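Please read them beside the model.

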Amino acid sequence: MAEQLAFPAASAAVLERRLPPPGQAPDDASRRPFVTLTFATSLDSTLSLAPGVRTRLSGPESKAMTHYLRSRHAAILVGVSTVLADDPALNCRIAGTACQPRPVILDPHLRWTPSCTDKVFEVSRAGAGLAPFVLTGVPAQELPRDSVELLHQHGGKFIHVRPSVSGAGGGRMRFDWRDVLDALLVQGLSSVMVEGGGQVINSLLDPAHHELVDSVIVTVAPTWLGQGGTVVSPDRVLGSEGSPVPAARLADVSWHPFGEDVVLCGRLRA
């Protein structure tokens, strides 16, 4: 089993106002879960050396911070590309954690074939994590029976979300973020930590979705990965006269050093 991590109370205190209130119940959420967008990036705003290549950016201090953030959320959300590339455990390794967050995987086309050897199931069997909820646009009657049973055995399940776009862009389905958050709230998940990958992050940074994000926490590693990687860069936004304008900007900003990394906190400005 992976090593347990510790995160100092003094460090946790500086992040407190960026996080969902402790003990928040689903009934406390007015209309959607509390959403924290968080990821680690290089100095050239890159998440990985190349699409599908697992790249470690966080140092030990900021890595412990990430696991502390997980301990404060009801769910961790990633896109299916992250699962296929990294085989993540999607659990919290802070020593003494009482409750594990629920992994949530966005997989509109059901690209992931669950296997009992996947880390997310290994930690579930060891009592160190939970099995995932897989949000998909595939109808229930078309789900692979073996995958349904494997998830069920571990306490996870498939959840159908109506695709908001279908047939365009080579038949690729997309989810509306409001439908995703509604689905999580129905499952009793009052807060969610969105961790990646690039397509998921860039989607939330689109101005149409800024009002859905309560907190942004970004780890900046002191390295350049170079061209050709997966970049955090939302689509171009044009102003009323057709000229480019900034796609997103943070307000209420604070910077916190964690080892060699710097953590940027803020909220998306409307």
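1. The chain has a radius of gyration of 18 Å (taken over C-alpha atoms), which agrees with the value near 18 Å that a compact globule of 270 residues would have, the globule rule being 2.2 Å times the number of residues to the power 0.38. Along the principal axes, the C-alpha atoms fill a box of roughly 50 × 45 × 40 Å.

2. This is a predicted model, in which local features need pLDDT of at least 70 and side-chain atom pairs count only at pLDDT 80 or more, while totals for chains, interfaces and linings use all residues. Residues are numbered from 1 along each chain as its sequence is written, and side-chain values use heavy atoms, with hydrogens and water left out.

3. Of the 270 residues, 50% count as buried, a term that means under 20% relative accessible area with a 1.4 Å probe, protein chains only.

4. Three aromatic pairs are counted, the rule being that ring centres of Phe, Tyr or Trp (its six-membered ring) lie within 6.5 Å. Phenylalanine 7 and tyrosine 68 are stacked (planes under 30 degrees apart), because their ring centres are 5.1 Å apart and their planes stand at 25 degrees. This pair links distant parts of the chain, 61 residues apart, with phenylalanine 7 in the segment before helix H1 (9-15) and tyrosine 68 in helix H2 (residues 60-71); helices here are DSSP runs of H or I with at least four residues, numbered from the N terminus.

5. Phenylalanine 7 is buried at 14% relative accessibility, and tyrosine 68 is buried with a relative accessible area of 14%. Phe7, Tyr68 and Phe258 form one aromatic cluster.

Methods. Rings of Phe, Tyr and Trp (its six-membered ring) pair if their centres lie within 6.5 Å; planes under 30 degrees apart count as stacked, over 60 as edge-to-face and the rest as tilted. Helices (H or I, at least four residues) and strands (E, at least two) are DSSP runs, numbered from the N terminus.
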